Amino acid sequence: MKKVFGSPKSLTKVPFTYCPGCHHGIAHRLIAEVLDEFGVREKTVGVCPVGCSVFAYVFFDCDMICAAHGRAPAVATGMKRAKPDSIIFTYQGDGDLASIGTAEIVHTANRGENITVIFINNAIYGMTGGQMAPTTLIGQVTQTSPYGRDPKTMGYPIKVAEMLSTLKGVAYISRVALSKPAYILKAKKAIRKAFQSQIEGKGFSLVEILSTCPTNWGLSPIEANKWLEENMIPYYPLGEFKTPEEVS
Amino acid sequence: MGEKMLMKGNEAIGEAAIRAGCRFYFGYPITPQSELTAYMAKKLLKMKDAAFVQAESEIAAISMVYGAAATGARAMTSSSGPGISLKQEGISYLACAELPCVIVNIQRGGPGLGSIQPGQADYFQATKGGGHGDYHLIVLAPSSVQELVDLTMDAFDLADKYTNPAMILGDGLIGQMMEAVEFKERKKIDLPDKEGWILTGCKGREKKYIVPFNLDPYEMEKINLKIQEKYKKIIEKEIRYEAINLDNADLIVVAYGTVARIVKTVIDNAKKEGINIGLIRPITLFPFPEKIIAETSEKINKVLVVEMSYGQMLEDVKLAANGKAEINFYGRAGGVVPTQFEILTEIKKYLT
């Protein structure tokens with residue numbers, strides 16, 4: 001019998017330990033499928049962040065390294081410079097990438113480092129128990145914005161894809177979501193383009209993935225998908241923000 | 001015979017690193033070490049299979065070192081006090097992940113932004129860990145430009161031998177000074193194979209990972225015990241010091257780096273006045289040469305520790321002497337270098 005569906009080779013057999021309804025599992029799988037499709041698993045090193053996805057090293061069946069909080073793009077820079085033939089990706093959350101690691105992501109993008117960044121934007125800190133992230137929406141209630149995010153004292157949610165796409169060193173940037181199958185298919189295409197961009201040596205690529213955190217949002221998985229579509233997508237529009245001509 | 005040339009300390013470190021096989025340098029400008037960063041840019045940007053990156057910050061620079069080291073490459077970063085403070089996060093990660101690299105600290109006066117003149121007040125930070133958690137760097141303290149060269153090359157070997165970050169703890173005086181240096185032919189030494197832990201893709205093998213954490217405290221304790229075991233070996237095998245005139249000395253000075261160099265002149269001058277001074281100059285600050293200090297303290301009961309700080313190495317000397325000798329201290333800091341006259345005057349105070 002012909003096998004039509006299976007687990008990607010680039011994932012281990014360890015079951016995901018993420019919360020029910022969390023999108024990390026889908027994002028992991030899409031990356032793994034793309035690594036399989038390009039046949040680059042054996043020359044890939046993934047850089048995992050600090051946060052829930054610090055455990056990504058358990059789930060990806062390729063070489064993995066854990067960076068200090070926010071420093072994944074700098075670690076990836078060191079790896080890629082030392083071994084330019086490797087495929088290097090970072091997997092970072094919004095606290096990691098858009099708060100403590102803002103300097104690293106901006107300058108890695110600006111240098112046009114030939115790496116791929118998978119940026120999980122779920123508008124909250126997951127692992128530490130639901131504090132405000134730089135991407136938390138206006139009015140959103142978190143542990144550290146208990147009366148809702150007030151832009152007067154807490155600033156506005158950062159649009160990472162738009163911000164980084166102004167930099168000349170960037171080859172590919174898009175924003176996708178995972179809340180329904182049609183979005184997941186588009187997300188896969190974006191991740192493919194990002195890795196393709198790296199494989200072809202085009203420079204820095206990033207996919208911002210709007211994701212749910214049902215546990216810290218205090219919603220059921222289905223409600224969380226709905227909340228994402230009703231609240232996050234209007235503020236964080238989906239689409240490609242930068243594409244190199246050869247990749248698009 | 002190797003090649004002899006006149007070089008500035010900071011540039012000599014760069015040349016030594018390149019000759020030791022370092023092809024990856026990540027740094028950020030700071031006085032008084034910027035010549036080293038510039039030297040690495042000049043050389044590495046023209047070399048094949050090499051990289052120089054002027055990082056956006058010291059934090060990023062040390063993280064780039066972490067990434068490059070994880071691929072098995074010899075990598076280096078350098079800075080001075082305020083920048084070294086920023087690097088502590090990455091240094092703690094490197095120590096926990098057991099990744100070899102070389103970090104250069106050309107010390108200046110502190111604390112805070114301090115001054116840009118020489119200092120030795122980063123001793124605690126260098127030898128006791130510096131960042132969070134229980135760890136040690138291998139710390140080498142050169143006292144001449146020639147020693148900067150030799151110890152820089154040794155630092156890469158020691159880092160690889162123990163898969164541990166090594167630090168060159170110099171100061172602004174040695175970094176800025178020009179001296180004749182010789183790049184000697186070095187004996188080939190056997191170093192452990194890196195294949196077992198480097199991350200270059202899992203072709204033909206199981207995947208590997210480098211994760212400097214474990215949420216299970218008993219597993220995290222095992223990681224700690226493993227590196228502690230390594231430090232014991234380092235203490236057992238790698239202690240280096242220079243001892244001058246220890247027999248029949250009226251007083252022993254303990255000093256390292258630039259200060260030890262000044263003390264050598266003091267010894268000569270004191271001799272003319274009939275005063276017999278000995279010197280113990282630690283070359284490795286971690287591991288610290290405790291035994292020689294302990295043994296000497298039993299024989300000569302007057303010791304003077306001189307530092308460009310307010311008494312940091314002093315604590316290690318006191319621990320080593322363990323009450324056997326009278327330990328005195330003289331220090332200038334903030335960028336002030338003690339003079340020969342001041343040191344001799346201080347010595348005389350304890351000999352009357």
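Modeller: Helices (H or I, at least four residues) and strands (E, at least two) are DSSP runs, numbered from the N terminus, and the expected span of a helix is 1.5 Å times one less than its number of residues. This is a predicted model, in which local features need pLDDT of at least 70, side-chain atom pairs count only at pLDDT 80 or more, and totals for chains, interfaces and linings use all residues. Residues are numbered from 1 along each chain as its sequence is written, while chains are lettered from A and ligands numbered from 1 in the order in which they are written.

Colleague: How many Å should helix α4 of chain B span?

Modeller: Its 17 residues (81-97) should span 24 Å at 1.5 Å a residue, and the end C-alpha atoms are 24 Å apart, which agrees.

Colleague: Where does α4(B) bend?

Modeller: A bend is the angle between axes fitted to the seven residues ending at a residue and the seven starting there. α4(B) bends by about 45° at Gln88(B). After the helix comes Glu98(B), with a positive phi near 55°.

Colleague: How many residues of chain B are in contact with chain A?

Modeller: Contact requires C-beta atoms, placed from the backbone, within 7 Å. By that criterion, 33 residues of chain B are in contact with 27 residues of chain A. α4 is among the elements of chain B that each supply at least two residues of this side; the largest share, 9 residues, comes from α3(B).

Colleague: Which strands pair between the chains?

Modeller: Pairing requires at least two DSSP bridges between two strands. Strand β2 (residues 63-66) of chain A and β9(B) pair in the parallel sense over 2 bridges, and Met64(A) stands opposite Tyr209(B) in β9(B).

Definitions and conventions:
Two residues are in contact if their C-beta atoms, placed from the backbone, lie within 7 Å.
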